[in-house]
Amino acid sequence: MAFGQGILASRGSVCRRCLLTAGALARGHVFVQTRSIGLKYRAKEAAAAEAWAERAERIKQGLEKNTFDMLEERGYVKDLAGKKETIRELFRVKRVGAYVGVDPTADSLHVGHLLPLMPIFWMYMHGYPAYSLVGGATVKIGDPTDRLTSREPLKRVDVTMNMTKMHYQLKKLWVNVEAEARHHGYKKEWAWRRALVNNNTWWNALPFLDVMRRIGTTMRIGAMLSRDTVKNKMTKGDGMSFAEFSYPLMQGWDWWHMFAANGIQMQIGGSDQYGNIVSGIDIVKAARENEPDPAKVIERKSELDDPVGFTVPLLTDSSGAKFGKSAGNAIWLDKFKTPVFDFYGYFVRRPDDDVERLLNLFTFNTQEKIKEVMDQQNANPAARHAQHFLAYEVTRLVHGEADANQARLDHMQMYGKSREEAAAPGLEYQADEAHPVTLNNAPRIDMILPRSLILGKSIGRILYAAGLAKSSSDGHRLANQQAAYVGGMPGHKRENTAEARAMNPSQLTFTPVKLWYPQDTQNYLIDGELLILRKGKHNVRVIKVVSDEEYKASGETYPGQPYTGAVRQLRDQLRRLRAGQASAKEVTEFLGSSVEAEYNENMIKFPEDRNSWAQKLEDKLQNMVNEIEAEDKTDQEK
Ligand SMILES: Nc1ncnc2c1ncn2[C@@H]1O[C@H](COP(=O)(O)OP(=O)(O)OP(=O)(O)O)[C@@H](O)[C@H]1O
Ligand SMILES: N[C@@H](Cc1ccc(O)cc1)C(=O)O
């Protein structure tokens, strides 16, 4: 196969069914059926190639717009790494695959990251393979670009925490991109490809010798030393470690890996990534030329087979500073860091002069639609119609439709619009049995829990405490039915060590939770500090295990926490009983169903004598409160 026919013809695109049937074929099974499935796949591939060729022709005749021109017109293209005409032609004739990488240096993406991701979202909707990469390996070195001082090394648990959170954030973005595509009238085609990858997957299993042989011999030190980042850090900054110096090699190797395996010929990044992209081009070419296995040589017919890239402009704040975590001005995509209301509000506050540019950059509306919105805006700027339109569209992309509707409603109401005027369908959405947890309505993913719970209590109680089960017994049921998962390595049964069981942070592998002994939970702790649990597809908890003292000091409580929920309920019921707001029967029933189940069956024994029921119940409840508080106090003094 000649390289460059895009992902459809590359190794990474063979569908599972075809692989399965290839296996069956090798074992001598059902030949006729196998051929028919293989042929079906090829037929689809051929149809997609034909459709692409027709599209290329339409673009040539000016009947359809070149996707590159559209990206350029909308303001996504700042600097090109490659010749413009080659890149335009590539967009026309090939389903050129593109990727954007982000290092998990923080526990959330921010609006700045969204900017380089937007072109790959657009490309996906137009039929180009689009990859998003989380730099689980590169983050361990830290990109030195434009820095005078080295990044603070991250603790392993923080890398895992950040990576897990970013992974689910990107997953959610992709799900919402599908919804945006539908919303804007794009019909999903068989040939659409998207992926979320982590460079740990290859770096964890990559021999140093392979890298050195392929690229180490060709890359010239002189060129690498002449890069501004290297010169500045060495002369004006705190010097440069070999690892930092090698960072662009790592990024370049990522590209090569995906170039060879998935046909990813293009890299996109923020404008600070220009140097890394240009080095990457050399690295990919060097790696391609140094193929030791003649059977694997990737053919280069013309410059249309070479890697290319471009950068997007930097999104800056009003003072011109780059938006990002280093500058401390980030608008986060995590709604627990930047609430949806504030996220929406950020876009509503954009100045009139910026709004058209932002509509082009951050929404999937046609330029005709944007013009319409701007006409409306210009007719009455005070209404901030364009800002609300922008805020709504970006919020819908990032947080989903229900949250966007709610944010719009809240903002409109704040500014005196009627509820009807602001309302849109889908507002009262709540996750329950009928509406399961989705990536958009999933509860907060990270939490802390005390060590004594994680190390000493049953997995059922832990699932309850993490909010993944309705009660401890529900947690036990989940564990019994293996319906919840823990971050771990499936199939690693040979070695029963914590190291072997703990999750490989790069691959987010999960294994079913079982009714193991309480002391077994610690086998799944990552670096002794992090436990990752999941129920269903999207309901994930990344639990940082803290000391009991630290937990108490945080003021948090968890469901099923001894003495907290129970005492509160007992007090409440006592108050209701004394105030005559509830009968003894109601209180008994209430406590029977909640406290008893959660707490301890022997604690509440109700008196037989019905006449003195209320009085005795009062005494009993008060005694229990006293008893628990006394125990609590002793615990604190220990
Ligand atoms: N404000 C921004 N505008 C455009 N692109 C951005 C912005 N911030 C980050 N990016 C791009 O997102 C990708 C990942 O960025 P990176 O991991 O360096 O995050 P960051 O928040 O910029 O980090 P830091 O603030 O520590 O430099 C890169 O391509 C980067 O150029
Ligand atoms: N170096 C990029 C992130 C990145 C990591 C690995 C890659 O392959 C690509 C990009 C940044 O810091 O912004």
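Predicted model: local features only at pLDDT ≥ 70, side-chain atom pairs only at ≥ 80, totals over all residues.
Residues are numbered from 1 along each chain as its sequence is written, chains are lettered from A and ligands numbered from 1 in the order in which they are written, and side-chain values use heavy atoms, leaving out hydrogens and water.

Let us stay with ligand 2. Tyr247 also places a polar side-chain atom 2.8 Å from a nitrogen atom of ligand 2. Asp254 has an N or O atom in its side chain 2.6 Å from an oxygen atom of ligand 2. Altogether, 13 residues surround ligand 2, each with a heavy atom within 4 Å of it. Among the closest are Tyr99 and Gln251.

Where in the chain does this shell come from? Helices (H or I, at least four residues) and strands (E, at least two) are DSSP runs, numbered from the N terminus. The elements β2 (97-102) and α12 (247-262) each give two or more residues to the shell, and α12 supplies the largest share, 3 residues.

Finally, look at Gly112, found in helix α5 (residues 111-125). Gly112 counts as buried because its relative accessibility is 17%, and buried means under 20% (1.4 Å probe, protein chains only). Gly112 and Gly270 are 158 residues apart in sequence, with their C-alpha atoms 8.4 Å apart in space.

Definitions and conventions:
Polar contact = N/O pair within 3.5 Å; in protein donor to acceptor, adjacent residues only side chain to side chain. Buried < 20%, exposed > 50% of the residue type's maximum accessible area, 1.4 Å probe, protein only.
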